[in-house]
Amino acid sequence: MSKTTLRYVIMCCLLLLVQVVVLNRLVLFNTAIPLAFIYIITVLPVSFSTNRSVALGFFTGLIVDVFMDTYGLNALCCTVLAFVRKPVLHMYVLRDDAPASQPLDMHSLGTPVFLKYTLTMTLIYCAMMFTVEAFSFFDIRRLLLRTVASTIYTFIVICAVSGLYNPRREKRL
């Protein structure tokens, strides 16, 4: 097992554990839910194949579904998120400029591009999750409130995780 693969496995296990044990209980005003486990899918390198990322997304969502009692909702949303990962990235980065084998973090993409990419991915995930969960547009204000609040909350948590996971390295002379 390579060092990079081991790094992703450890990151995946830690984020899923934190999501299940801590973050599932940090719901704000019965509206906003932090969904930090989608960081696993968003930071996968571009060289990671679509089939493997979709499979990883499905199993990541399935694990969260088991502990959140959401009956496949997260598995569906994570699978779709893994599928749209490359097209969303290429909205902000040219195909030739994307770092092929590096994780898609603040250091490889640059802070502005990473923030736009992460915000877009988080918005896609939250919009899909709450739309499928509601299964109607009957209370559109509540749906939009939950989507926007969870997107902002998740975005802040993902930026914190990204800062913790990839601390800035000082350049030495």
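Tutor: Helix 5 and helix 7 pack with their axes 10 Å apart, at an angle of about 140°. This is a predicted model, where local features need pLDDT of at least 70 and side-chain atom pairs count only at pLDDT 80 or more, while totals for chains, interfaces and linings use all residues. Residues are numbered from 1 along each chain as its sequence is written, and side-chain values use heavy atoms, with hydrogens and water left out.

A word on terms: helices are DSSP runs (H or I, at least four residues), numbered from the N terminus. Axes are lines fitted to C-alpha atoms over the stretch in contact, and angles run from 0 to 180 degrees between N-to-C directions.

The crossing of helix 5 and helix 7 is right-handed (the near helix is turned clockwise from the far one by less than a right angle). On the helix 5 side, the contact (heavy atoms within 4.5 Å) uses Arg85, Val88, Leu89, Met91 and Tyr92. Helix 7 answers with Val113, Lys116, Tyr117, Thr120, Met121 and Ile124. Sorted by class, that contact has 8 nonpolar, 1 polar and 2 charged residues (Ala, Val, Leu, Ile, Met, Phe, Trp, Tyr, Cys and Pro count as nonpolar, Asp, Glu, Lys and Arg as charged, and the others, Gly among them, as polar).

Now for helix 4. The axes of helix 4 (residues 73-83) and helix 7 (residues 111-134) come within 10 Å and cross at roughly 145°, again in a right-handed crossing. Helix 4 brings Leu73, Asn74, Leu76, Cys77, Cys78, Val80 and Leu81 to this contact, and helix 7 brings Met121, Ile124, Tyr125, Met128, Met129, Val132 and Glu133. Those residues divide into 12 nonpolar, 1 polar and 1 charged. So Met121 and Ile124 of helix 7 turn up in the contact with helix 5 and in the one with helix 4, going by the 4.5 Å cut-off.

Past helix 5 (85-92), the loop to helix 6 (106-109) holds arginine 95. Arginine 95 counts as exposed because its relative accessibility is 64%. Its C-alpha atom is 36 Å from that of asparagine 24, which is 71 residues away along the chain.

Notes:
Helices (H or I, at least four residues) and strands (E, at least two) are DSSP runs, numbered from the N terminus. Buried means under 20% relative accessible area, exposed over 50%, partly exposed in between (1.4 Å probe, protein chains only).
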